[in-house]
Structure formats: C-alpha cells, structure tokens
Amino acid sequence: MRKLTEHAEQLKRMYSVQDGRFQGEAAWAKLPFFWFILFLSYKCTRRCSYCYAFNQVGSDADKREMDDNTFSRLLEWIPEVWNVNVVKVNSISFLGGEPLLRTDRIKKVMDYVYTHTDGMQGVVFTNSDLVDSINWDDIIDIQWITTNITDISIEELSRRMTIINKRSNVIGQTIAATLDDDNLDRVIDITRFGIENGYRLRYYRNLYRGVDLEYKNRLLAKYHDVCDCLEKYVIKGYDVHTTFLFDTLIPLWNDESSPYLCGKGIATVYPDGTIGPCLRNHSFKTGTIFDADPLSKIQCDVFHFDAEKPDIPSECRECESKTVCQGGCPQDKLLLTGARSGKSVVCDIHKEIIPRVKYLDKLKYYNRADH
C-alpha cells in the first residue's frame, strides 16, 4: 500500500464534517449523489464488440481525444458545477476508451479537484492492459478501480489485480464483466474468484444482443446460478456485495424515491467537450462545458430513471421490486424500443432476480448477527 496522501485526509473530512450540503442518510452517507463521468479520450487498446463507445463512435474513436483547450476548460468546469450542485459526496470517474493511456490527465484532474473543491471519490474503469507500464504516481488519489475482464483469463486477471493492489492506493477493486457468450459461460468461475479474493462484482448484460430471446433465457439462468453461488458464500461468512451487482441495480434501496441520478446528478463529458445526462448514450448531448449555467445543461427529463414518471405503467408502481427497478433504464428502452415509456426491457429477468438479491442481503445480515 502506498503512503496515504493529503487528499485522502481531505476525503475523511469530507465524509465527517457537516456543512449543509446534501448527503445520504445512514448506510448511504458515503454514496455519491453526484457523478462526474469523464470520457477524456476514445482511444483504446481493444475493440470489444459490446463497448458503448465503440458501437456509437466506431472507427472514428482513434481520432477522438480531448484537445488541450477543452481539457483546460474542463478543469475549471468541474468545480463550477460542484459549487452549484450542493451535494456533499461527489464521484469523479474516468472512462473511455482506455483511461490509463493518459494517466497524466487523471492526475491533473484529481489535483485540480482537491484544490478547488472539498474532494471527491476517484474512480477508474479500465481493461487493465497497461498495469505493467503506467506511472502509478499519476493515479495515487484514485480510491476505486473497476477492471473489465474482457477476454483475458482469470489467471491473468488475478495477476493484474494483484499489481493494482500492490502499486496503488485503492481501497476497493471491482471485477466487471459484460456477459457476452464467453463471459456468460465462465460467470461462475469469475464469481468464485472475485468473492474468494475480496473483490466486488459487477455484471452487465450485452445490450447489443437486443431482445434476443435465446440470450435472455441464458442470461436469466446464469443470473440464478450466480445467486445460488453467492448464497453459499454468504452462509460461509464471506462479505458478498450486491449493490450494482446486476445491471447497475441498487437492491438495498427501499425508499419510494429513485436512487438513480440519470438526467439529474450525472454530468457526462465527452472528448469534444459536449455533455450529456447518460454515460451509455454518447449521441444524446444537452450542451457543452463552455456553456453558461452548467448544472442546468445536464438536467434532462427524458433520462429520469424513476417509476413515478407518468409514462411508466401502473403495474410497475405496484410491483414488489419497484424501489429497485424504478421502471427500468430509460436508455435501454430508447435503444431497444425507440421510446422511454413502458416497462423495463428486462422486466421478466428483474422480477425474478431482484427478490433473490434482496434475500442475499437479508441472509448476510442475519448470518452476521448469528456470529
């Protein structure tokens, strides 16, 4: 573990000092209620068929990197938005492309954030191809790293995540797997490796398989297999995390209000300086970082992920999984049906899986109480 920085001490103060800014209650006190999602470049070491950026930007991705003028403006823009969003705990996430291609820019952003705000959680989403060659001092203030397993072996994933543990200051690592055919076949092996080594897990369906019935049936069966596997680990006393485990769902959320910040508290910035309300829709833009009144530019009713919206069917509001599903991701519906109205495109899957994941959390609580 590297020496803790002054920035880490600043984060401790951010969590502990009450200053009138909005913050989650109880277990949600450290959950960021505002997310800066930065796509500083679309350049990557890979071409994954399920990548949102690759599917929307295509071969032009190699030419899309934020220029110096836009990057300078971004450094100023982030604290401007922070000043007006009145949120206590913020997160700043680096995606791509492959963000580790430009760790120098990650360092500049984090340094500027800590100088001009109360500090933010730093997150990097990476394929980890470059862990043997990067300058680790550049990402010294990153708290969380999520590694997409892509098509590498579990043995190679283990090696890369061990390097991250030894060389970085991260307090938590997550394994992300988009469940294409190969990862769907080995999802239980990935689950075992993650749980036994203390890593969080995050599984996404391959959205570009659309409403392929054969794929959906296989996906549902594997989700059940994962729940069966996790239940055994909970009973054994392992600390199984379920938040964002499947399709970015928050299964512990029981309040009627939606926990999802889409179109409200997500500021996604693209390499050309345009901004939008969704990290997965790279074509829908609401403005630029050069516009005045920055917070208003990310407010977008179309992307509100909320079961109380009038175009969500009444049966969704009566569903036992309502507080978690919230009527389904608007972006998924826009992509697959052309409209944001209606039920979740994976309603049948979530109706079966959400109760199982909620049960895992209850089982973990009672198992912990017994000990």
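**Around D247**

A: The side chain of D247 makes a polar contact, at 3.3 Å, with the side chain of R205 (a pair of N or O atoms within 3.5 Å, one able to donate a hydrogen and the other to accept it, where residues adjacent in sequence count only if both atoms are side-chain atoms). The model is predicted, so local features need pLDDT of at least 70 and side-chain atom pairs count only at pLDDT 80 or more, whereas totals for chains, interfaces and linings use all residues. Residues are numbered from 1 along each chain as its sequence is written, and side-chain values use heavy atoms, with hydrogens and water left out.

D247 sits in the loop that runs between α8 (213–236) and β7 (266–269), helices being DSSP runs of H or I with at least four residues and strands runs of E with at least two. With a relative accessible area of 10%, D247 is buried, that is, under 20% with a 1.4 Å probe and protein chains only. Leaving aside residues up to four places away in sequence, D247 touches Y203, Y204, R205, Y223 and H350, where contact means heavy atoms within 4.5 Å.

Strand β8 (residues 274–276) runs antiparallel to β9 and is joined to it by two bridges, and T274 has T288 of β9 as its bridge partner.

Methods: Buried means under 20% relative accessible area, exposed over 50%, partly exposed in between (1.4 Å probe, protein chains only). Two strands pair if DSSP finds at least two bridges between them.
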